[in-house]
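Colleague: I am new to this structure and would like to go through its helix packing and its ligand surroundings with you. Could you begin with the term we will need for the helix directions?

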Amino acid sequence: MNKVFQSNDFKNRIVYQIYPASFMDSNNDGWGDIRGIISKLDYLKDLGIGIIWLSPIYESPMDDMGYDISDYKKINHRFGTMEDFDDLIKEANKRDIRIVMDLVINHTSTEHEWFKKAIEPEKNKYRDYYIIEKGKGKNNKKVPNNWSSAFSGTCRKEIPSLKGMYYMHLFCDTQADLNYKNENVINEIEEIIKFWLDKGVYGFRCDVINQIYKTTLKNDYSKLLFNKGQKYYCNQKGMFDVLKKIRNDVLNHYDTFLVGETSFLTPDIAREFLKTNTLDMFFEFDHIWCDKSKFIPILKTKFKAKKLAKPILNWQNQVDWIANYLENHDQLRSVSRYGDDKKYINESAKMLATFLLSLRGTPFIYQGEEIGIKNFEQFSSKESDDISAKMVFKTAKSILHLKDETIDKMINETLNRDHARSPMQWNANINGGFNQGSKTWLKVNPSYQQINVENQINDPNSILNFYKKLIKFRNDSEILKFGETETVKISNSIVSFKRIYNDKTYLIILNFSKKSKKYNKKCDANLLISNYDTFENGNLYPPYFGGIFEVK
Ligand code: NOJ
């Protein structure tokens, strides 16, 4: 067994996710960049975060905004150079901030050299880097199996240079799935991981990591409408073997950690990740269905706090450590989804912060969440840059026979990822201070006039300053970091739970409603921190109240 260097220091740190295209554009070309990130490190330090997770910054044609990598060892030219990246690591380290990269290894872009070689008419070793199979039926005209792409439609595409042969793409058709039955692929990935760790990267967020291993490629005859094939590619035993190998060969030689993006995660699989030391934590996806239909994901349903809090609190007791989040680049803005982005925007954004930062596990804050950025009021999938919104629009149109505007509205309310991807709102100047005024790659959310960092930084009651206070409170609190979680009440208005560590107990009380709510479980408790300045310790909790009490 190799020597293990892991210090678990990541458990003491709060993560901030940066979506590089939209964080800060230092050269006014419309795209965020690494120099822009460096210029905001003091802001992040002041916020109290300890780790930055960068969504992909590798070279990419950007069909899926960098989740389609064409060169794992090159920096995306839109974001800067390798020298900029080295400076970022250096500057971040100076401030005791660690950098985590996005590891997208289920698939590569079809622009990647490996894929280009794989589809050369003359067979070579790269053919077996991907999942390439002969089609079925007469002249191999039918796709090899009936699995679906996560972005809707089939996950197979015919290769023009290899007639009758199809590659697999669980996402869009320029994201070709790698073949993890091939040791050469694993070796290549290990080398890439080593390359970045040697540069001083602290860890990786592993994209769709529980889907990398396809046990068989058989047809899936289940009744699933979406994600057909899932039972053969999700949470497979082979995935553990691949990750164990990577851990032993590479990761164990560094003080590092892996957080997995793991939809369709079950508690058993999650515990297996921890037991086998294959992942250090993971994102669960159960709570994202609290305001949309699991069967027709573009169908919005009424938000229910119970459906948000129950899975989140349930997971707290299922596993020893988890990655907690309310937002990321794939989800709509939390204050619009789970709070009230109008009258109670301040209260509800702070209440959600209280929820996120008082859970056991690592909190992940997404850029802009700390100032309460809300969804766009209107956004048509036609002007959207989000490949999944575009693909789903096409599929929905062909099967639902609804008006374009109706489908558009549905997608806008449920899955248009651009809501979360618009440029960061730094001030009320042109383009929200994201750049000096040149056309931005995605339009700026008009809310920047009111919701921006500059407005909030000197306002002691701002969402931003509440985050700062809460982050400091958490960073200093062993109870919030390491205490056990015990659910006290989950309803569609009041959600309450305890955190218990040694002989100390904190009680967290959240009101998810626009109305004051009575909650009779009045205990002998001392309010430590809350989003209301004047709160009489009684049993009536004002709209969107969020507070942490110490139980005496
Ligand atoms: C999950 C990422 O978060 C998402 O943005 C991306 O589209 C898919 N994986 C495919 O890589």
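Predicted model: local features only at pLDDT ≥ 70, side-chain atom pairs only at ≥ 80, totals over all residues.

Colleague: How do the residues of the contact of helix 11 with helix 15 divide into nonpolar, polar and charged?

Modeller: The crossing of these two helices, helix 11 and helix 15, is right-handed. On the side of helix 11 the contact involves I345, N346, A349, K350, A353, T354, L356 and L357, while helix 15 contributes I463, F466, Y467, L470, I471 and R474. Sorted by type, the residues of this contact are 10 nonpolar, 2 polar and 2 charged.

Colleague: Turning to another pair, are helix 5 and helix 7 parallel or oblique to each other?

Modeller: Helix 5 (residues 183-198) and helix 7 pack with their axes 10 Å apart, at an angle of about 45 degrees. Their crossing, that of helix 5 and helix 7, is right-handed. Since roughly parallel requires an angle under 35 degrees, helix 5 and helix 7 are therefore oblique.

Colleague: How many charged residues are in the contact of helix 5 with helix 7?

Modeller: From helix 5, the residues E183, I186, N187, I189, E190 and I193 meet V242, K245, I246 and D249 in helix 7. The residues of this contact divide into 5 nonpolar and 1 polar, and the number of charged ones is 4.

Colleague: Helix 7 also packs with helix 8, so which residues of helix 8 make that contact?

Modeller: Helix 7 (residues 237-249) and helix 8 (residues 267-275) have axes 11 Å apart and pack at an angle of about 20 degrees, which makes helix 7 roughly parallel to helix 8. The crossing of helix 7 and helix 8 is right-handed. Helix 7 brings M239, F240 and L243 to the contact, and the partners from helix 8 are I269, E272 and F273.

Colleague: Finally, how far does a polar side-chain atom of D330 lie from an oxygen atom of the ligand?

Modeller: There are 14 residues around the ligand, and those that come nearest are D64, R205, D207, H329 and D330. An N or O atom in the side chain of R205 is 3.0 Å from an oxygen atom of the ligand, and a polar side-chain atom of D207 lies 2.7 Å from a ligand oxygen atom. For D330, the distance from a polar side-chain atom to an oxygen atom of the ligand is 2.5 Å.

Terms used:
Residues numbered from 1 in each chain as written. Heavy atoms only, no water. Axes fitted to C-alpha atoms, helices over the stretch in contact; angles between N-to-C directions. Helix = DSSP H or I, 4+ residues; strand = E, 2+ residues; numbered from the N terminus. Parallel < 35°, antiparallel > 145°, perpendicular 65-115°, else oblique. Left-handed = near helix turned anticlockwise from the far one by under 90°. Contact = heavy atoms within 4.5 Å. Near = heavy atom within 4 Å. Polar contact = N/O pair within 3.5 Å; in protein donor to acceptor, adjacent residues only side chain to side chain. Nonpolar A, V, L, I, M, F, W, Y, C, P; charged D, E, K, R; others polar.
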